[in-house]
Amino acid sequence: MNRPEAPELVLEAGRASRHYWADLWRYRELLGFLAWRDVKVRYKQTALGVAWAILQPVVTTGIFSFIFGVLAGMGKGDRTYPLMVMAGVLPWQLFANGLSGASGSLVSNTNLISKVYFPRLIVPVSALAVAVIDFLIVLGIFVIAGLAFGHLPGWRWVFLPLFMGEALLLSLGAGLWLTALTVKYRDFRFIVPFLLQVGVFLSPIGFRTDILPNWRDLLALNPLTGVIEGFRWCLLGNEGTFYWPSFATSLLVGAIVLAGGLWYFRRTERSFADII
Amino acid sequence: MSQPVISVENLGKRYYIGHQARHDTLRDRLAHGARGLVRRWRNPGDLPAIEEFWALRDVSFQVNQGDVVGIIGRNGAGKSTLLKILSRITEPTVGRAVIRGRVASLLEVGTGFHPELTGRENIFLNGAILGMSRAEIQRKFDEIVAFAEVERFLDTPVKHYSSGMYVRLAFAVAAHLEPEILIVDEVLAVGDAEFQKRCLGKMRSVARQEGRTVLVVSHNLNQIATLAGKGLLLHQGRTVAAGDITGVIQSYFGSRTSACAEWSVPEKPAATPHLSRIRLQTSEPGNVQAYGRALTLEFELHHQEPVKDACFSFQILNSSAQPAVHLWLYSADRPFATGPGPTRLRCEIPFVRLNVGHYTLRLFFSGPPGSAFFEMTEPDLAFEVVRLDQPTLFGWRSEVCAYFETAAWQVDPAR
């Protein structure tokens with residue numbers, strides 16, 4: 001046989017990290033396949049398929065527009081208030097779906113983890129795909145709604161991927177922590193819905209931050225505030241100026257959570273198959 | 001290649017078993033921690049009960065390119081742990097293993113199959129999970145489909161497949177992997193017989209013709225004996241024997257505790273004549289009988305008075321409860337049980353021709369037709385027939401026939 005000399009693989013305690021990032025690259029196709037599986041299954045299993053992805057954000061937008069815009073009177077005289085709310089719902093949904101997907105990913109792929117080797121990081125990352133697809137669908141709805149309100153996409157749209165990335169990094173960072181912790185302690189599963197329930201009220205989804213100058217800095221402590229403001233800046237264009245403090249906080253918190261998540265995930269990864 | 005493709009040195013894997021239940025939730029963990037603190041404060045020196053358990057200990061061996069190694073051992077011997085370490089699913093606690101070559105491991109048939117996805121989609125998904133590239137799967141797609149015989153159902157979700165189809169498809173994907181080292185755990189125990197045969201054939205050709213290395217775990221010793229050339233016997237996490245497969249299989253039988261099998265009747269009224277004891281002397285220890293060797297059965301008949309024209313017979317039943325052999329002793333031909341009991345009978349079968357497989361006994365004890373019938377019993381006693389003498393191209397399989405004849409073949413010279 002004249003195969004090239006195979007690489008030598010050494011297996012011993014604490015050695016798994018050596019080829020990790022190279023392996024992650026080698027397994028990139030698997031990442032794609034797992035993402036494709038999740039997306040495919042999501043739209044296959046439900047009778048209404050895509051309708052679900054649309055229904056939830058549209059209803060949320062409606063309710064928030066009513067509560068904040070009408071009941072609280074924040075949208076007085078503003079015909080496009082729902083559009084503003086929807087620009088907040090978009091990143092929130094991206095984050096929330098990404099987080100719940102990633103944090104449940106390891107446990108729901110138990111059969112793979114206990115039977116096949118691959119860099120485990122692939123699992124939570126691929127789980128984000130569903131959130132992205134759902135997001136893109138709703139983004140389409142947003143464009144249509146925008147046109148209906150006479151609002152054309154502007155040049156700021158080119159920055160949208162940046163804020164999308166920010167939302168995804170936040171959800172991946174938190175998701176890595178939660179999914180690794182869930183392997184060991186199953187009650188972390190219950191933390192996610194709770195976090196999201198609290199988060200939806202702590203984030204400026206139904207209202208604008210620039211009309212609350214006294215509260216703006218406090219709100220900026222929530223890393224999602226920066227993302228949501230960024231989205232509004234991109235999508236609505238004409239509203240307000242870019243608020244740097246919230247953007248910086250969001251980026252900083254995102255980086256810290258992600259770095260910590262990666263560290264904890266990598267540290268516990270080698271024992272996943274033993275305890276899952 | 002002079003270097004071994006796998007070399008394992010002093011490999012060990014430790015697990016901790018808590019004596020309380022596992023703490024799956026944080027609440028349990030906190031509660032347990034708190035209880036532990038209280039206990040330690042009350043009686044210091046009382047450490048929480050956590051026990052070490054070495055699933056694998058000091059295992060060393062080498063595998064050369066092209067070797068087919070059968071790993072055998074009883075349940076809990078560490079076979080699966082060893083395969084998991086070599087497949088990189090889990091890390092060893094101590095020791096090291098060096099692997100030279102691309103490894104594919106098949107610890108389960110159809111890992112990652114999703115019931116909602118179609119056959120076609122699952123081929124791609126499963127192939128990717130097993131480490132194939134998309135291009136590789138595309139290239140082999142038709143071959144995989146043909147091997148699995150699922151052409152008509154390619155676009156049906158696999159949740160609608162019969163279990164046979166499901167397994168065929170799953171194995172077909174795995175069989176088309178092209179690793180340098182293939183690790184297989186007990187997967188051939190599934191599927192219909194015809195398909196199993198094809199899988200075995202495929203694996204054999206992988207190993208012999210393509211020079212690949214195969215590590216296989218199976219409880220089916222006939223399968224192992226046919227497939228593997230080398231063997232590794234594990235017992236409680238340690239290597240007990242390694243080397244030529246025949247020798248390893250023999251030491252596996254030797255490691256079983258009981259040398260011969262006995263059955264004796266649980267309490268029974270002493271008045272009526274009955275069978276009180278059976279002793280099975282197989283050619284190999286542990287109720288294993290090699291084809292072509294002698295098998296001896298001893299029976300003890302309990303009776304207080306002479307039995308008039310006693311008839312005793314037994315059948316050897318195969319695993320589907322079909323009688324394969326019937327042997328008898330009638331007092332009319334050769335008087336027995338003519339005095340007060342017990343009577344001991346000994347039956348030797350000098351050359352066992354039974355096909356491989358598991359067998360049980362059914363015994364009859366009676367008077368002549370139309371008179372007393374004492375007993376028909378199927379004791380809790382079984383033995384296994386194996387062929388250690390020679391391999392066969394298609395593998396020894398219990399369902400191909402009931403027994404073997406000795407025969408002489410002649411080939412007329414070709415024109």
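In chain A, helix 4 (residues 81-108) packs against helix 6 (residues 122-148) of chain A at an angle of about 165°, and their axes are 7 Å apart; axes here are lines fitted to C-alpha atoms, for helices over the stretch in contact, and angles run from 0 to 180 degrees between N-to-C directions. Helix 4 of chain A and helix 6 of chain A are therefore roughly antiparallel to each other, the classes being roughly parallel under 35 degrees, roughly antiparallel over 145, roughly perpendicular from 65 to 115 and oblique for the rest. The residues of this contact of helix 4 of chain A with helix 6 of chain A divide into 17 nonpolar, six polar and one charged, where Ala, Val, Leu, Ile, Met, Phe, Trp, Tyr, Cys and Pro count as nonpolar, Asp, Glu, Lys and Arg as charged, and the others, Gly among them, as polar. Helices (H or I, at least four residues) and strands (E, at least two) are DSSP runs, numbered from the N terminus.

This is a predicted model, in which local features need pLDDT of at least 70 and side-chain atom pairs count only at pLDDT 80 or more, while totals for chains, interfaces and linings use all residues. Residues are numbered from 1 along each chain as its sequence is written, and chains are lettered from A and ligands numbered from 1 in the order in which they are written.

Between the chains, 29 residues of chain A are in contact with 40 residues of chain B, a contact being two residues whose C-beta atoms, placed from the backbone, lie within 7 Å. On the side of chain A that touches chain B, helix 2 of chain A gives the most, with eight residues, and by class this side has 15 nonpolar, three polar and 11 charged residues.

| Strand pair | Sense | Bridges |
|---|---|---|
| Strand 1 of chain A and strand 4 (residues 94-100) of chain B | antiparallel | five bridges |
| Strand 12 (residues 288-290) of chain B and strand 19 of chain B | parallel | three bridges |
| Strand 17 of chain B and strand 19 of chain B | antiparallel | four bridges |

A:Leu9 stands opposite B:Ile99 in strand 4 of chain B. In strand 19 of chain B, B:Val386 stands opposite B:Ala290, and B:Phe383 is the bridge partner of B:Tyr359. Strand 19 (residues 382-386) of chain B has a covered face, B:Phe383 and B:Val385, and an uncovered one, B:Ala382, B:Glu384 and B:Val386.

B:His358 lies in strand 17 (residues 357-366) of chain B and, with 13 C-beta neighbours inside 10 Å, counts as partly exposed; a residue is buried if 20 or more other C-beta atoms lie within 10 Å of its own, exposed if 12 or fewer, and partly exposed in between. Leaving aside neighbours within four places in sequence, B:His358 is in contact with B:Ser319, B:Ala382 and B:Glu384.

Seven of the eight residues of helix 2 (residues 79-86) of chain B are buried, so this helix is largely enclosed by the rest of the structure. Just after helix 2 of chain B, B:Arg88 takes a positive phi of about 70°. Chain B as a whole has eight helices and 19 strands, and buried residues make up 37% of its 415 residues.

Note on methods
Pairing = 2+ DSSP bridges.
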